[in-house]
Amino acid sequence: IIGCEAYLAPGSRKQREGLLAHNDYYHLILLATNLKGYHNLIKLSRKAYLEGFYYKPRVDKELLQEHHDGIIALSGCLSGEVPYLIGQNDIKSASQKAGEYQEIFGKDYYYLEVQANGLPQQLIANRGLIEIHKKLNIPLAGTNDCHYLKKEDARPHEIMLCLQTGKSLKDTNRLKFDTDQLYVKSTDEMVAEFTEIPEAILSTCQISEK
């Protein structure tokens with residue numbers, strides 16, 4: 001399955017002003033379903049670098065509207081626009097944005113990502129995503145935010161983050177993940193995580209078949 005995690009500009013990709021915080025770049029998962037979708041991924045990636053680059057390559061909703069054919073979109077991790085707004089206790093705006101994405105990509109081509117990563121913030125996001133799912137009939141997809149392959153890789157990954165950011169393990173003010181669950185889980189593990197919402201696992205399989 002060919003896809004990418006895109007950075008989404010908070011407004012227009014052409015706006016460049018000030019130093020932006022991490023959550024000012026929303027994350028969005030884009031997966032190609034066919035050759036047309038693959039070509040659109042290439043166009044989005046190219047334009048993100050040539051037209052939208054500002055600290056990071058960025059797309060915007062104008063580009064998504066222009067190049068959405070053949071692409072499945074998922075709402076992303078906690079840095080996705082919809083989960084982020086839920087975390088800000090703004091379920092109304094989160095619902096509105098989810099509706100916008102569904103309009104761009106079409107029914108059954110936009111999914112709300114519920115994740116199982118052991119983070120308290122994720123539990124809050126999941127509750128909000130389930131609420132939006134029921135309200136707008138946008139399908140759920142059970143995923144995991146994977147940063148390393150195996151659970152025992154969590155510690156080496158933490159060390160690599162320190163190397164990347166120029167920090168030491170003793171530094172309390174550093175980029176870190178407060179969980180060891182960001183690994184590629186087995187089918188059995190994922191099914192166990194989503195026993196209360198089994199349709200999320202079924203959606204993941206449907207995405208694969210598409």
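## Helix α6 and its end

A helix here is a DSSP run of H or I that holds at least four residues, and helices are numbered from the N terminus. The model described is a predicted one.

Buried in α6 are Ala154, His157, Glu158, Leu161 and Cys162. These residues lie on the same side of α6 because they cover an arc of only 150° around the axis. An α-helix has 3.6 residues a turn, so residues three or four places apart point the same way. Met160 and Leu163, on the other side of α6, are exposed.

Strand β3 consists of residues 71–74. Ile71 and Ala73 point one way from this strand, while Ile72 and Leu74 point the other way, and all are buried. In a regular strand, side chains alternate between the two faces of the sheet.

Strand β2 (residues 26–32) pairs with β3 in the antiparallel sense, over four bridges; alanine 32 stands opposite isoleucine 71 in β3. The pairing of β3 with β4 is parallel and has two bridges. Leucine 74 has tyrosine 111 in β4 as its bridge partner.

## Aspartate 108

Aspartate 108 is placed in the loop between α4 (91–105) and β4 (110–115). Its relative accessibility is 37%, so aspartate 108 counts as partly exposed. From leucine 35, aspartate 108 is 73 residues away in sequence and 19 Å away in space, C-alpha to C-alpha.

Conventions. Residues numbered from 1 in each chain as written. Predicted model: local features only at pLDDT ≥ 70, side-chain atom pairs only at ≥ 80, totals over all residues. Heavy atoms only, no water. Buried < 20%, exposed > 50% of the residue type's maximum accessible area, 1.4 Å probe, protein only. Pairing = 2+ DSSP bridges. Arc of directions from axis to C-beta.
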